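Please read the briefing below alongside the sequence and the coordinates.

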Amino acid sequence: MFLKLDSMASKLVNPASQVGHPVPRMRKMLRTHSRSVPAIIHPWTRRKKIADGVRPIHTIKVAEQSPGLVDDNKEINENDKDNREVEQIKADLYQAVQVINRGIFGVPSAKKSAILGLVELLESQNPTPDPTLNLEKVGGRWKLVYSTITILGSKRTKLGLRDFITLGDFFQNIDVAKGKAVNVINFNVRGLNLLNGQLTIEASFKIASKSRVDINYESSTIIPDQLMNLFRKNYDLLLSIFNPDGWLEITYVDDNMRIGRDDSGNIFILERSQESET
């Protein structure tokens, strides 16, 4: 572009170049110049008529946003993006734990690895890095959706969980003010009459760090008596599976999901429950 304009300038100052038809050459130059201008004029250029021709008028639009506002908007957009990513990971996790009975009777290794990968992604974006300093997010009623605790082989057979006893929902009620946690495991017994019952385990907890609590088993009960009679011979085995004694690291918690890891390396995924206690 600059070389082309310099060449035209040299022709204008050279008298020899003006011999013959000066007016057409001048018109050619003007046409050439008018074609070149739009390429270097700001996109917001407008033209205004004057007495003997058209002259380009440059208008400049200045962004009047303050640097702070731009930074705030960028931060908001990034937060929205992060929130969408977290919600997508949670949706994928809920999909992955479907139809595996909370993992209690084992999960294929490939699926287990996929679930672990999603758990680690969520843990890396934990919105509550110091959960024991924000216990209002931990308190309340929770429903277990997945756990790496398993009941397999002879344990499952001894507890009658192959044939006529099935597991229902698992709930955890956390009373922050009292430092109490109550786990409720529901059972259904098939037979002439359907029998529903539950194992209740009460424990206390104390804050051990910004993300960890120490848990101490206190008591347990089974109702009704008919269910206790079915489990009586293997009651110690049942408690050894569901006893919460030890510590729990809260690795992720938001308004509706909580993830924890215990001292045995187990993972627990719970969702906040809207169901009332029965």
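What follows is a short briefing, grouped by topic.

This is a predicted model, in which local features need pLDDT of at least 70, side-chain atom pairs count only at pLDDT 80 or more, and totals for chains, interfaces and linings use all residues. Residues are numbered from 1 along each chain as its sequence is written, and side-chain values use heavy atoms, with hydrogens and water left out.

**Barrel**
- Eight strands close into an antiparallel barrel in the order β3-β4-β5-β6-β7-β8-β9-β10 (strands are DSSP E runs of at least two residues, helices H or I runs of at least four, numbered from the N terminus; pairing needs at least two DSSP bridges between two strands).
- From one strand to the next, the twist averages 35° (axes are lines fitted to C-alpha atoms, for helices over the stretch in contact, and angles run from 0 to 180 degrees between N-to-C directions).
- Four bridges link β3 (residues 140-147) to β4 (residues 165-175) in the antiparallel sense; glycine 140 has isoleucine 174 in β4 as its bridge partner.

**Helices on the barrel**
- Helix α4 (residues 109-123) lies across β3, β8 (246-253), β9 (257-262) and β10 (267-272), at about 110° to β9 (contact means heavy atoms within 4.5 Å).
- Helix α7 (residues 235-242) lies across β4, β5 (180-189), β6 (195-207) and β7 (212-223), at about 150° to β7.

**Largest pocket**
- Its volume is about 700 Å³ (on a 1 Å grid over the protein atoms alone, a pocket is an open set of points where a 1.4 Å probe fits, with protein on both sides within 12 Å along at least five of seven lines; lining residues have an atom within 4 Å of a point).
- The lining has 35 residues, with Gln172, Asn183, Phe242, Pro244 and Phe268 nearest the pocket centre.

**Local features**
- The whole structure holds eight salt bridges (a side-chain nitrogen of Lys or Arg within 4 Å of a carboxyl oxygen of Asp or Glu).
- Glutamate 87 forms a salt bridge with lysine 90, with the closest N and O atoms 3.7 Å apart; both residues lie in helix α3 (residues 67-96), three residues apart.
- Isoleucine 223 and proline 224 are joined by a cis peptide bond with omega about -5°.
- Asparagine 101, in the loop between α3 and α4, has a positive phi near 50°.

Notes: Points joined across faces, edges and corners; volume = space filled by probe spheres on them.
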